[in-house]
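Hi,

Here is the structure I said I'd pass on.

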Amino acid sequence: MTFLWSILGFIIVIGILVTIHEWGHYQVARWFNIKVLKFSIGFGKTIWSKKTKETEFQIAMIPLGGYVKFVDESEGPVAPEDLDRSFSRQSVYKRFAVVAAGPVVNLIFAWLVFSATYMIGITGMKPIFEQPIPSTALYAAMPENRNQAWLVVEVDHQPVSSWSSVNETLLMALVDGKQTISLKLEGLVSKEVRTLPSVSLRDLDLNNQKQNWPKTLGFQPISISMPAIVGQIASGSPAEMAGLQSGDTILSIDDTPIDDWKALIQTVSKIPDQTVSVGLKRNDQLIFKTVEVTHHKNSQGEIAGYLGVRLQVSSDYMQPYLSTVRYGMIDSLSLGLQKSLDLIDMSLVMLKKMLFGEIGVENLSGPVSIAQFSGQALQSGIISFLGLLGLLSLSLGILNLLPIPVLDGGHLIYYIVEMIKGSPVKESTMMIGQKIGLLLIIGLTVLALTNDILRITDG
């Protein structure tokens, strides 16, 4: 089922992003009265097409991109009546605008999507921690009054409302190469406000994708006591095989009472590859199921017991710990723009660090990772889906503006040279550039796919 969600998510996400990108090229070409012969989403064999007066719109079999085909003398004979509408006969400034429109529209779309998330409202877990984890940077920075719950109010002078925003701010700080950050905290009970001006980031590793940055820094999120009510059950899991159902409340495993979800996780993790008796309540009846617990690797890479159930979240239990941030249209547009600019800056800095070997190329993700993230986002709700859509649209816009032949950015470089020297770049030069660009893209694709395979096979 997870695989099907990934496929569906990938098709929807890539379909939207490619359509937006190619529409940018198409629309600006239409404004300049350039004749468009074909607008294709995907490559390869056509699975749907519709012919209008002069443009054929189609969806093709391979959903890994798309293209817009113009009337162009460089690609074949052009009818005399269409010569004035040929792409190759337009001024260099018009050609520049048409090519730039695709990635620019992706960047604008990302801004609008991020703005929409702020208007709809972003819900997350409040960044509340119980006490700093000993022998961490946060523990060292709080010499007094550690033994109470604290709410994180600001990270590096940026307001935060959830653990997700804490993570985002830590990421920005690491990408910028900061050695320390400031924290502003508020006591959950005492309401005491405390500012920690310098918390070291030395233990956080930008290259370690599995590292839990807040935990490594010293945050220990508050433990919420939730009843062990079964929500989603993984296909083919021990729970499904034993006949557990969504809504069951797990009360015991063998002779061990299960008081809450945390106790269930701790108990199951200690019994890999064991057959146990699970006591549960279903429709006010107490029943027992024999379950053959299997095993998997947990987040620390250790072998642990695996049951295959997810928590059914109770809104009554969670409400005090949730935060929803929502803004009006003007503020949302401003925040969406700022987020886009921050992410563009971060992406360019990451790219620079990657080129100079300051961070590993394992940070590159390919189509398999995008499919996984898309499937997860699709199941997680509209905000998660829009957030991923905005991030990928931004990434697509930045990628296509890179000065690599084959990509839009490579063509734009040729046009800039043409503007300066007053004549087009030689065709032989462009052909050499195309070959180099194609090799670079193939190399990056192979590298990204290799990273994907290493991730899904756990290295």
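**What I found**

Just after H10, Gly-381 takes a positive phi of about 120 degrees. Helices (H or I, at least four residues) and strands (E, at least two) are DSSP runs, numbered from the N terminus.

Before you go further: this is a predicted model, where local features need pLDDT of at least 70 and side-chain atom pairs count only at pLDDT 80 or more, while totals for chains, interfaces and linings use all residues. Residues are numbered from 1 along each chain as its sequence is written, and side-chain values use heavy atoms, with hydrogens and water left out.

**The whole chain**

The secondary structure comes to 13 helices and 17 strands. Along its principal axes, the C-alpha trace spans about 85 × 55 × 40 Å. Of the 459 residues in the chain, 40% are buried (buried is under 20% relative accessible area, exposed is over 50%, and partly exposed is in between, with a 1.4 Å probe and protein chains only). If you take the contacts (heavy atoms within 4.5 Å) between residues at least 6 apart in sequence, 63% of them join residues at least 24 apart.

**H10 and its partner H1**

Back to H10, which covers residues 367-380. Buried in H10 are Ser-369, Ile-370, Ala-371, Ser-374, Gly-375 and Ala-377.

How do H1 and H10 cross? The axes of H1 (residues 2-31) and H10 come within 7 Å and cross at roughly 100 degrees; axes here are lines fitted to C-alpha atoms, for helices over the stretch in contact, and angles run from 0 to 180 degrees between N-to-C directions. That makes H1 roughly perpendicular to H10 (under 35 degrees counts as roughly parallel, over 145 as roughly antiparallel, 65 to 115 as roughly perpendicular and the rest as oblique). On the H1 side, the contact is made by Trp-5, Ser-6, Leu-8, Gly-9, Phe-10, Ile-12 and Val-13. H10 brings Pro-367, Ile-370, Ala-371, Gln-372, Ser-374, Gly-375, Leu-378 and Gln-379. These residues divide into nine nonpolar, six polar and no charged (Ala, Val, Leu, Ile, Met, Phe, Trp, Tyr, Cys and Pro count as nonpolar, Asp, Glu, Lys and Arg as charged, and the others, Gly among them, as polar).

**H9**

H9 (residues 329-355) has 27 residues and reaches 39 Å from its first C-alpha to its last, close to the 39 Å expected. Its buried residues include Ser-332, Gly-336, Ser-340 and Leu-343. What do the buried residues of H9 pack against? They pack against H2 (92-120), H4 (163-175) and H11 (382-401). Just after H9, Gly-357 has a positive phi of about 75 degrees.

**Strands and loops**

E11, E10, E12 and E13 form an open sheet of four strands in the order E11-E10-E12-E13, with antiparallel pairing (two strands pair if DSSP finds at least two bridges between them). E11 (256-257) and E13 (285-292) are the edge strands, each pairing on one side only. Inside that sheet, E10 (residues 249-253) is joined to E12 (residues 275-282) by four bridges, and Ser-252 has Gly-279 of E12 as its bridge partner.

In the loop between E10 and E11 you'll find Asp-254. Its phi is near 55 degrees, a positive value in a residue other than glycine. For background, most residues other than glycine have a negative phi. Asp-254 is partly exposed, with a relative accessible area of 43%. Leaving aside neighbours within four places in sequence, Asp-254 is in contact with Val-276 and Ser-277.

Elsewhere, E7 (residues 180-187) and E8 (residues 193-200) pair in the antiparallel sense over six bridges, and Leu-183 has Leu-196 of E8 as its bridge partner. Their hairpin has five residues between the strands, and one of them, Lys-191, takes a positive phi near 65 degrees.

**One more residue**

Ile-122 sits in E3 (residues 122-125). Is Ile-122 buried or partly exposed? Ile-122 is partly exposed, at a relative accessible area of 29%. Not counting residues up to four places away in sequence, Ile-122 touches Thr-117, Ser-323, Thr-324, Val-325 and Ile-383.

Cheers

How values were computed
Expected span 1.5 Å × (residues − 1).
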